[in-house]
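Entries follow in the order of looking.

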Amino acid sequence: MINEKYGEKTLLSFEIFPPKRNDDIYEIYKTLDQIKELNPDFISVTYGAGGSNSKKTSTLAAYIQNVCDVEALAHITAVGLDDDGLDAFINELKKKGVYNVLALRGDKPRAMTDEEFSNRHFKYASDIIPKIKNTGDMFVAAACYPEIHPESANQKNDIEFLKYKIDQGVDCLITQMFFDNAVYYNFMEQLAKNDISIPVHAGIMPITAVNQLGTSVSLSGSSVPNELSTLIAKYADNTDDMKKAGIEYAVNQINDLKANHVAGIHLYTMNKAEVTKEIYKATF
């Protein structure tokens, strides 16, 4: 399990997501076969809005755990689940030898009405965390937001909710993507002031295409520092140079974070094995 890996070194982990089309899943297997050679400490698999990819999540998590021989971290979103659905998913993971999960609230699925979302069975990730822990033998990670959750009033309010979530049984945190390390360091200072000391993995998203930034920022609420926006403006019309510059930017972030002894680097790979390998060679 992941909790056995913490020590003096900075852990390395990757995130992949299941494809929407079933016939594309073999490409993910190819990606996994390549990035497992980098010896990550774990690989996470996203869940999909309302559990739309839950079967693929458990299938890929089993492949990571049992074929790649890497610890798998299966995402699970509370929205759209009830007690039976949660139990069924956890039992399925256990049958496949997967004992690590990332518990999330999840965004409102497109097919869910506002009324259904308001009356959902589990309101927050903190509602499912103790239920998962009570099943026994499960390592539970949770998300955190260095620039505060988009629905929080302020950082103080956000950290209060985060501390409550941790108190339900969280073993580690993985941050939303950020592009300015100073934001992360300030966040870590605030956690320390609130007696939060569990491991925090820094989420890094390499921006290798201009349109990727717009999508990422709109979903995450992450701010874009001048250095990155200038870089994007400079290479907007040159695909190859944009890719190189985006990789270099992520490499600089990671090397600075490692120099400051972060618990872990969690790389949002976007299922791109080559980009992942280039970043790995320059950082680990």
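Is His201 buried or exposed? I looked it up: His201 has a relative accessible area of 0%, so it is buried. (Buried means under 20% relative accessible area, exposed over 50%, partly exposed in between, with a 1.4 Å probe and protein chains only.)

The model is predicted, so I read local features only at pLDDT of at least 70 and side-chain atom pairs only at pLDDT 80 or more, while totals for chains, interfaces and linings use all residues. Numbering starts from 1 along each chain as its sequence is written, and side-chain values use heavy atoms, with hydrogens and water left out.

Entry: His201. I found His201 in strand S7, residues 200-204. (Helices, H or I with at least four residues, and strands, E with at least two, are DSSP runs numbered from the N terminus.) I then listed its contacts, skipping neighbours within four places in sequence: they include Tyr6, Phe42, Cys172, Thr175 and His266. (Contact means heavy atoms within 4.5 Å.)

Entry: Val101. This residue sits in strand S4, residues 100-104. Val101 counts as buried because its relative accessibility is 0%. Leaving out neighbours within four places in sequence, I saw Val101 in contact with Leu73, Ala74, Ile76, Ile90, Leu93, Ile132, Met138, Phe139, Val140 and Ala141. I also checked Val101 against Met1: they are 100 residues apart along the chain, and their C-alpha atoms are separated by 11 Å.

Entry: cores. I looked for nonpolar cores (sets of buried Ala, Val, Leu, Ile, Met, Phe, Trp, Tyr and Cys residues joined through side-chain atoms within 4.5 Å). The largest has 63 residues, and Leu32, Ile76, Ile132 and Leu173 have the most contacts inside it. Another core lies apart from it, with 20 residues, including Ile174, Met177, Met205 and Tyr268. Back to Leu32: beyond four places in sequence, Leu32 is in contact with Ile16, Ile43, Leu60, Tyr63, Ile64 and Cys68.

Entry: H2 and H3. At what angle do H2 and H3 pack? I read about 20° for helix H2 (residues 54-66) and helix H3 (residues 83-95), with axes 9 Å apart. (Axes are lines fitted to C-alpha atoms, for helices over the stretch in contact, and angles run from 0 to 180 degrees between N-to-C directions.) H2 and H3 are therefore roughly parallel to each other. (That label covers angles under 35 degrees; over 145 is roughly antiparallel, 65 to 115 roughly perpendicular, and the rest oblique.) Ser54, Lys55, Thr57 and Ser58 in H2 meet Phe89, Glu92 and Leu93 in H3. I sorted the contact of H2 with H3 by class: 2 nonpolar, 3 polar and 2 charged residues. (Ala, Val, Leu, Ile, Met, Phe, Trp, Tyr, Cys and Pro count as nonpolar, Asp, Glu, Lys and Arg as charged, and the others, Gly among them, as polar.)

Entry: H1 and H11. Helix H1 (residues 25-35) and helix H11 (residues 273-283) cross at roughly 15°, and their axes come within 9 Å. H1 and H11 are therefore roughly parallel. Thr31, Gln34 and Ile35 in H1 meet Ala273, Glu274, Thr276 and Lys277 in H11.

Entry: positive phi. Ile148 is not a glycine, yet I read a positive phi of about 65° there. Ile148 lies in the loop between strand S5 (139-144) and helix H6 (155-167). With a relative accessible area of 22%, Ile148 is partly exposed. Asp195 also has a positive phi, near 60°. Asp195 is in the loop between helix H7 (181-193) and S7. At 65% relative accessibility, Asp195 counts as exposed.
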